[in-house]
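Please look through the sequence and the structure first.

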Amino acid sequence: MSHNDLLNITCASIIDARDQMTDLLKRRQPNYSLPQPLYNDPTMFRIDMEEVFQKEWLFVGMTSEIPKKGDYFTLEIGQNPVLVVRDADGAVNAFHNTCRHRGSRLCQQQRGKVANLVCPYHQWTYDLKGNLLFAGTNMGGDFDKSLHGLKPAHCRTGGGFIFVCIAEQPPESDFDNFLATLEEYMEPYDVENTKLAAESEMYEKANWKLVLENNRECYHCAGSHPELLNTLLEWDDTNDPRATPEFIDYYNQQAAQWDQEGIPHLHRSFGQRNRIVRMPLKPGASVMTIDGSEGCTKLLGRIKNHQLGSMRILHLPNSWNHMQSDHFIVFRVLPISAQESLVTTKWFVHKDAVPGVDYDPERLRQVWDATNDQDRILGEENQRGINSIGYQPGPYSEPYEFGVINFLEWYSDTLLKNLGGGDNSELYPVGVPDIERQYG
């Protein structure tokens, strides 16, 4: 069999898989988990990467991670290395981390600082805006450097959050409105004057959708997360039908204090993909430490009130976040394979806070280190069970797992739209409240 024959078979199998995925998504039962191949099949995973992670806006990091000219960090979106760097004008730029000579990775470290971007293979050199400065003297007299700059990736910022899209054209959506609201709601924290205090990377042997599904509900919290529940109230929205009158009164008391300080807190949603909401923690808890007491002696930005609760920011497909009075925590999920994901957690504090004096990094991360590992075990066991020939999609609890239902509606609609198969809107009942049940 020739190489072309093999290529044709491969292309045909991908086309068949795309048709199969469209069929599975259109026929899937609403409010049930997904069919097995969407959780464990390598070809379906490839389509996820091509149609979601290579086409949609992804959260990648915070602007305060690269505060000065030449500061950069890198990440991998599937097989696509990406570089995010601060240029001389203070702008945040994203590029494909691939030299225009022979394709080698430019920056090989996870983070660093450079004057220019120099390929370690043949020393082609680019400035911080991606322009090719030097390609040696052996490229010939007609070589045009202006045609060989780094390939940019779309990059947007809002409220200190950095989002990247590696598609040729980013998707049309209400993303601008989300960024504007994020800018407004993050203003009190003054992200540019924060710094990275701690970071963890966790490889989870589970499909990326299982990682997100687990985060979108707290049905499992009581049986799995004792450290987290020291401070977290299980419901996180005043529209939650399970919310008690006592909780509503408590929220209103906290909201009155936030209003006095000019702290935004009203629930803002942008479809099922993006959401911002501020909810109080348990009475007496300031932040998500093991006992609820302060994590850092220096409050963030213009904040004066320790009792800010947690402002929770959702961005599908790959991030949830907790903003608190003295530190904040961001989470990023990147798929590795059909049954493996990378979960990165970062803790940020005031830039002038001194470790060992103003905060203890180990104490700062104690609750979420425990919670992440507990979730890893849950996700991996979930994956093992789904791999069984005995698996079939099961029903979600609408009162407790509506956030999961919303996520899978967004996932299904996004895949069908990007695959050219319409959407799933006819599958979902009209008038069902769009409530996010989750603890992240």
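## The largest cavity

The lining of the largest cavity is made up of 6 nonpolar, 4 polar and 2 charged residues. In this classification Ala, Val, Leu, Ile, Met, Phe, Trp, Tyr, Cys and Pro are nonpolar, Asp, Glu, Lys and Arg are charged, and the others, Gly among them, are polar. A cavity is a set of points, on a 1 Å grid over the protein atoms alone, where a 1.4 Å probe fits but cannot get out, and lining residues have an atom within 4 Å of a point. The structure has 5 cavities of 30 Å³ or more, and the largest holds about 90 Å³ of space. Such a volume is the space filled by probe spheres set on the points, with grid points joined across faces, edges and corners.

Of the 12 residues lining the largest cavity, Glu 204, Val 211, Asn 214, Trp 320 and Asp 375 are the closest to its centre. Two or more lining residues come from each of strand E11 (194-204), helix H5 (208-215) and helix H8 (361-386). H8 gives the largest share, 4 residues. Helices (H or I, at least four residues) and strands (E, at least two) are DSSP runs, numbered from the N terminus.

## Basis and confidence

The model is predicted, with local features needing pLDDT of at least 70 and side-chain atom pairs counted only at pLDDT 80 or more, while totals for chains, interfaces and linings use all residues. Residues are numbered from 1 along each chain as its sequence is written, and side-chain values use heavy atoms, with hydrogens and water left out.

The mean pLDDT (the predictor's confidence in each residue, from 0 to 100) is 92 for the protein, and 92% of its residues reach 70 or more. Residues 5-9 stay under 50, and the model gives them 2 contacts (heavy atoms within 4.5 Å) beyond four places in sequence. The pLDDT is also below 50 over residues 425-440, a stretch with 66 contacts in the model beyond near neighbours in sequence.

## Helix H9

Helix H9 covers residues 402-419, 18 residues in all, and spans 25 Å from its first C-alpha to its last. This is close to the 26 Å expected at 1.5 Å a residue, where the expected span is 1.5 Å times one less than the number of residues. The rest of the structure largely encloses H9, because 16 of its 18 residues are buried. Buried means under 20% relative accessible area, exposed over 50%, and partly exposed in between (1.4 Å probe, protein chains only).

## Loops between elements

Gln 123, in the loop between strand E6 (117-118) and strand E7 (125-126), has a positive phi of about 65° although it is not a glycine. Asp 190, also not a glycine, has a positive phi of about 50° and lies in the loop between helix H4 (175-186) and E11. Gln 123 is partly exposed at 40% relative accessibility, and Asp 190 is partly exposed at 33%.

A cis peptide bond, with omega about 20°, joins Leu 316 and Pro 317. Pro 317 belongs to the loop between strand E14 (310-315) and strand E15 (319-323).

Gly 295 lies in the loop between strand E13 (274-279) and E14, and is buried at 7% relative accessible area. Beyond four places in sequence, its contacts include Asp 326, His 327 and Arg 363.

Notes: On a 1 Å grid over the protein atoms alone, a cavity is a set of points where a 1.4 Å probe fits but cannot get out, and a pocket is an open set with protein on both sides within 12 Å along at least five of seven lines; lining residues have an atom within 4 Å of a point.
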